[in-house]
Amino acid sequence: MATMADVARSAGVSVATVSHVLNGTRPVLPHTRQAVLDAVEELGYTPNGLARSLVTSRTRSIGLAVSAISNPYFTEILQGVEASAVEHGYGLLIADPHDDPAHERKVVQLLHERRVDGMIVAPSADPRALVAYLARHRVPTVFLDRVVDTPADGGPRFDQVCAESAEPTTALVTHLAGLGHRRIGLVAGRPGLSTTRERITGYRHGLAAAGLPYDGRLLVHGDSEAAGGARATAALMSLAEPPTALVTANNAMTIGTLRTLRDRGLSVPGDIALCCFDDFAWADLFSPRLTAVAQPSKELGGQAVRLLLERLASPDRPSRTVRLPCAFAHRTSCGCPETSELPAHERTLP
């Protein structure tokens, strides 16, 4: 098995120079760096990760704590995180907090004890224990998808990346209102999540923009799960005056909503129109095809890694929150015919 000394002899440099090239601990002239990399390739040299971590105090690993990894949305985020991490020479350690604050705190501590260089976390609805732990131990962290409220003493303590939520939800509501609907229901997510709050805000703004009154009976929480979406839809459709259109606030709840509507013998969009937040691979295969807000999930994952690496390189730089735009996947579940065109202002979302 080739050693670092073998690489150094082949490249005609010192062992220290090989170390600097492989660990990024000091700038090296481009031609020297290339000679080292060529020697590594020719000899099949594999760096000793444990030894390198002892020298650099870095493990070149990232902890990722994301609930519902089986959800296609988070699966695509994971793909974006993994691709960007590997591109920059980092490995991943993954944990599922199950959206439970106590379990979230436990798995983050376990990741920290594995000496990850930093973490990417989709926080739960009550992240106080999580934030306290990360702040106390000064763990470089990026919050993903769900943001944590800005503390009273200034800007966010941590870098954050998420998609826009309020404006795209407003666009769904105004689109349905433009089709003539006056009773538009919302199957909202888990209370306490920033995405839930923002989509409720967008829903109410959409009603106001369309000149429609807000009716609290038309907003039911589905807790961001398929079973919860089914229960919420059943409650909405049991009203004396049920909605004629629904907005579902994530893809899991959309599945639950469709199940309830089917069980009640209701057709989409014939009996009730439907728009959903989160596009997913088979949304275009449903009959009818689902009109949805498409989040840039892989881009969110990649951006989270980039923010974390920037934090590792510059620990004292100001924290920032990055929001990425969504797109409107206009199909037929909203009641529009196959060939219809969206108005120009609806084709792209903030």
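A residue is called buried when its relative accessible area is under 20%, exposed when over 50%, and partly exposed in between, using a 1.4 Å probe and protein chains only. Threonine 196, with a relative accessible area of 6%, is therefore buried. Welcome to this predicted model, in which local features need pLDDT of at least 70 and side-chain atom pairs count only at pLDDT 80 or more, while totals for chains, interfaces and linings use all residues. Residues are numbered from 1 along each chain as its sequence is written, and side-chain values use heavy atoms, leaving out hydrogens and water.

**Threonine 196 and its surroundings**

- Threonine 196 sits in helix 9 (residues 194–209); helices (H or I, at least four residues) and strands (E, at least two) are DSSP runs numbered from the N terminus.
- Leaving aside residues up to four places away in sequence, threonine 196 touches Ala188, Gly189, Arg190, Pro191 and His221, where contact means heavy atoms within 4.5 Å.

**Salt bridges**

- Side chains of opposite charge can pair when their charged atoms come close.
- A salt bridge here is a side-chain nitrogen of Lys or Arg within 4 Å of a carboxyl oxygen of Asp or Glu, and the count comes to 16 salt bridges.
- One of them joins aspartate 99 and arginine 146, at 2.6 Å from N to O. Aspartate 99 lies in the loop between strand 2 (91–95) and helix 6 (101–113), and arginine 146 in the loop between strand 4 (141–144) and strand 5 (159–163), so this pair ties together parts that are 47 residues apart in sequence.
- Aspartate 99 and arginine 146 are both buried, and they belong to a network of salt bridges that links Asp99, Asp145, Arg146, Arg190 and Glu225.
- Aspartate 263 and arginine 262 also form a salt bridge, at 3.1 Å from N to O; both aspartate 263 and arginine 262 are exposed.
- Another salt bridge brings together arginine 331 and aspartate 279, at 2.9 Å from N to O. Arginine 331 is in the segment after strand 12 (327–329) and aspartate 279 in the loop between strand 9 (273–277) and strand 10 (291–294), so the pair ties together parts that are 52 residues apart in sequence.
- Arginine 331 counts as buried at 11% relative accessibility, whereas aspartate 279 counts as partly exposed at 24%.

**A pair of packed helices**

- Helix 5 (residues 72–87) and helix 12 (residues 297–313) pack at an angle of about 40 degrees, with their axes 7 Å apart. Axes are lines fitted to C-alpha atoms, for helices over the stretch in contact, and angles run from 0 to 180 degrees between N-to-C directions.
- Helix 5 is thus oblique to helix 12; angles under 35 degrees count as roughly parallel, over 145 as roughly antiparallel, 65 to 115 as roughly perpendicular and the rest as oblique.
- Residues making the contact include Tyr73, Ile77 and Val81 of helix 5 and Leu300, Gly301 and Val305 of helix 12.

**Backbone features**

- Most residues other than glycine have a negative phi, and most peptide bonds are trans.
- The peptide bond from valine 268 to proline 269 is cis, with omega near 0 degrees, and proline 269 is found in the loop between helix 11 (251–263) and strand 9.
- Arginine 115 has a positive phi of about 65 degrees although it is not a glycine; arginine 115 is in the loop between helix 6 and strand 3 (118–121).
- Aspartate 278, also not a glycine, has a positive phi of about 95 degrees, and aspartate 278 counts as buried at 3% relative accessibility.
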